[in-house]
Amino acid sequence: EMDVREKAVSYLNSRPRTRQELIRHLKDKGFSENEILETVDELEQYHYIDDLAYSRMYFEYGFQKGRGRMRIRRELAEKGVAADVIEIAFEELEEIPDEFETAYSIAESIVRGIDPKELEFAEKRKLEGKIGRRLAGRGFSMGTIHKVVSRILY
């Protein structure tokens, strides 16, 4: 029978996790609140878990995948990372890709081979919807989406 520490470490070995994810996992395994917090605090001290480093990495990964910062922030919050930690991680990033540039290049790939000037209004609206849904799904802000759509289609 694995003890709480072994369970925690084996869970962290598969991939990095946030403090909250580890706590949830150990709760599901039936460990007591006390053993969990003691173990998690200890692992945090030794940097087995580090929500700040995790968040920095998660932003970089999300940007590589062409996600907007709103979506990345939301996902980190869902993983139980504190809002202030998310902010600090964001501010500490070496490079923050330009949201507009990223969104624009995604939209461009959608309209590749189409000349928007030749489209009927209804077709334009359809394409606008397609671009909007794709960018919203990636977590870009409405402001960025409107800017991209008007630059590309109108």
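Helices are taken here as DSSP runs of H or I with at least four residues, numbered from the N terminus. In this predicted model, helix 5 is followed by Gly80, a residue whose phi is positive, near 85°.

Helix 5 itself spans residues 69-78, and its buried residues include Arg71, Ile72, Glu75 and Leu76. These four cover an arc of only 135° around the axis, which places them on the same side of helix 5. The elements that cover the buried residues of helix 5 include helix 4, helix 6 (83-92) and helix 8 (121-137).

Tyr54 and Tyr58 are both buried.

The rings of Phe59 and Phe63 also form a pair, with centres 5.9 Å apart and planes at 35°. Planes under 30 degrees apart count as stacked and those over 60 as edge-to-face, so an angle in the remaining range counts as tilted; the pair of Phe59 and Phe63 is accordingly classed as tilted. Phe59 and Phe63 are four residues apart in helix 4 and are therefore separated by about one helical turn. Because buried means under 20% relative accessible area, Phe59 qualifies with a value of 0%, and Phe63 likewise counts as buried at 11%. Together with Phe90, Phe59 and Phe63 form one aromatic cluster.

Two arginine residues are placed over aromatic rings. Arg73 lies over the face of Phe90, at 4.5 Å from the ring centre, and Phe90 is also a member of the cluster with Phe59 and Phe63. Elsewhere, Arg17 lies over the face of Tyr11, at 3.8 Å from the ring centre.

Rolling a probe the size of a water molecule over the atoms shows where empty space is left. The structure holds one cavity of 30 Å³ or more, and the largest cavity contains about 40 Å³ of space. The lining of the largest cavity is formed by Phe63, Arg67, Pro97, Asp98, Glu99, Thr102 and Phe140.

Note on methods:
Residues numbered from 1 in each chain as written. Predicted model: local features only at pLDDT ≥ 70, side-chain atom pairs only at ≥ 80, totals over all residues. Heavy atoms only, no water. Buried < 20%, exposed > 50% of the residue type's maximum accessible area, 1.4 Å probe, protein only. Phe/Tyr/Trp six-rings, centres within 6.5 Å; stacked < 30°, edge-to-face > 60°. Helix = DSSP H or I, 4+ residues; strand = E, 2+ residues; numbered from the N terminus. Lys NZ or Arg CZ within 6 Å of the ring centre and 35° of its normal. Arc of directions from axis to C-beta. Contact = heavy atoms within 4.5 Å. 1 Å grid on protein atoms, 1.4 Å probe; cavity = no way out; pocket = protein on both sides within 12 Å on 5 of 7 lines; lining within 4 Å. Points joined across faces, edges and corners; volume = space filled by probe spheres on them.
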